[in-house]
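Subject: Handing over the structure

Hello,

Here is the structure I promised to pass on to you.

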Amino acid sequence: MKPKTVAAERAPSRRPIVVANWKMYLTTAEAADRVDQLLAEQVPKSVDVVICPSATALATVGKRLMSTSIQLGAQDVFWAAPGPHTGEVSAADLRSLSVRFVLVGHSEHRASAHEHNDIVHRKAVAALGHGLTPIVCVGESREDRHQHRHHHVIAQQLDAAIRNLPPPHEQQELLVAYEPLWAIGTGQPATAADAQEMADVVQRSLLEVFGPDIVARRTRVLYGGSVTPANVGQFVDGQSVHGVLVGTAGRPAASLASIVRAVAGR
Ligand code: PGA
């Protein structure tokens, strides 16, 4: 049974959001073309749409998105202030490129950079401190789920990432993407019931840290993992799950546009 606090504090009016994570698939020129194709699709404005290209494509993509309703996101940020950190990208620099959102703790990055919860926390702090909206990614492995410890793993990852975080300011939010590792890039999404159950686990942690007012006004919860135009409608219920984080099906412009239309029409 779902605890009362979560159901009671849900905000019915939170805008739906679709975040496309283009990972390391596209060159800057390809990303620019993809944006042009997406703009030609004229996606509905009732859904927030965020494109996260590679760091090298941010400036080019950002210019194309200027004066459109589509927003720019980055795939990672370094936590420290500008200084001697070879190969890293600062939150201040992202901000200077009109980036609004930034993924932190995506499972692929956690794995490739051996990134622990503590680093994810620092990145969320850096993002919030520079006016960016962090999208904190959490997800359990197949093994965790088989061992029935998925609730615990998600609560732990999220608590470590958001404990003692300052609340997001005006124009800022904290987004959390629940992305089970076994669903990412596998063509095997979670069920809608599982996604919504885990989104409620996320909401409980958010409520504990920020309280009902901030949670209702400045947080949204996303589901990610093998989302497609055909299945997206079942995930976004506007209550537990407010949007989606999309990899594979978010790269072709027509597919991404279909996802946005499906979310708008749900
Ligand atoms: P997928 O990727 O949609 O290809 O499963 C999701 C993600 O990694 O964010």
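A residue is called buried here when its relative accessible area is under 20%, and exposed when that value is over 50%. Please keep in mind that this is a predicted model.

Let me start with Pro 134, which belongs to strand E5, residues 133-138. Its relative accessibility is 0%, so Pro 134 counts as buried. Setting aside neighbours within four places in sequence, Pro 134 is in contact with Val 102, Val 104, Ala 124, Ala 127, Leu 128, Glu 173, Leu 174 and Leu 175. I also looked at how Pro 134 sits relative to Gln 71: 63 residues separate the two in sequence, and their C-alpha atoms are 14 Å apart in space.

Strand E3 (residues 71-74) runs parallel to E4, and 2 bridges join them. In one of the pairings, Ala 74 has Val 102 of E4 as its bridge partner.

Next, the ligand. What lies around it? The shell holds 13 residues, and those that come nearest are Lys 23, Glu 179, Gly 185, Ser 226 and Thr 248. By type, the shell divides into 4 nonpolar, 7 polar and 2 charged residues. Several polar atoms of the protein face oxygen atoms of the ligand:

- Thr 248 places a polar side-chain atom 2.5 Å from a ligand oxygen.
- His 106 has a polar side-chain atom 2.8 Å from a ligand oxygen.
- Gly 247 contributes a polar backbone atom, with a ligand oxygen 2.8 Å away.

The ligand on its own would expose 280 Å², and the protein buries 99% of that.

Asp 144 lies in helix H7, residues 142-146, and counts as buried because its relative accessibility is 12%. The Asp 144 side chain makes a polar contact of 2.9 Å with the side chain of Arg 149. Leaving out residues up to four places away in sequence, Asp 144 touches Arg 149, His 150 and Val 153.

The other one is Gln 196, found in helix H9, residues 192-218. Gln 196 is at 15% relative accessibility and therefore counts as buried. Beyond its neighbours within four places in sequence, Gln 196 is in contact with Gln 234, Phe 235, Asp 237, Ser 240 and Val 241.

Finally, a couple of loop residues for your backbone check. Ser 67 is not a glycine, yet has a positive phi of about 60 degrees. You will find Ser 67 in the loop between helix H3 (58-65) and E3. Is Ser 67 buried or exposed? At 78% relative accessibility, Ser 67 counts as exposed.

Asn 164 also has a positive phi, of about 65 degrees, without being a glycine. Asn 164 sits in the loop between helix H8 (150-162) and strand E6 (174-178). With a relative accessible area of 70%, Asn 164 is exposed.

Have a look when you get a chance, and let me know what you think.

Best wishes

Terms used:
Residues numbered from 1 in each chain as written. Predicted model: local features only at pLDDT ≥ 70, side-chain atom pairs only at ≥ 80, totals over all residues. Heavy atoms only, no water. Helix = DSSP H or I, 4+ residues; strand = E, 2+ residues; numbered from the N terminus. Buried < 20%, exposed > 50% of the residue type's maximum accessible area, 1.4 Å probe, protein only. Polar contact = N/O pair within 3.5 Å; in protein donor to acceptor, adjacent residues only side chain to side chain. Contact = heavy atoms within 4.5 Å. Near = heavy atom within 4 Å. Areas by Shrake-Rupley, 256 points an atom, 1.4 Å probe, with all protein chains shown as cover. Nonpolar A, V, L, I, M, F, W, Y, C, P; charged D, E, K, R; others polar. Pairing = 2+ DSSP bridges.
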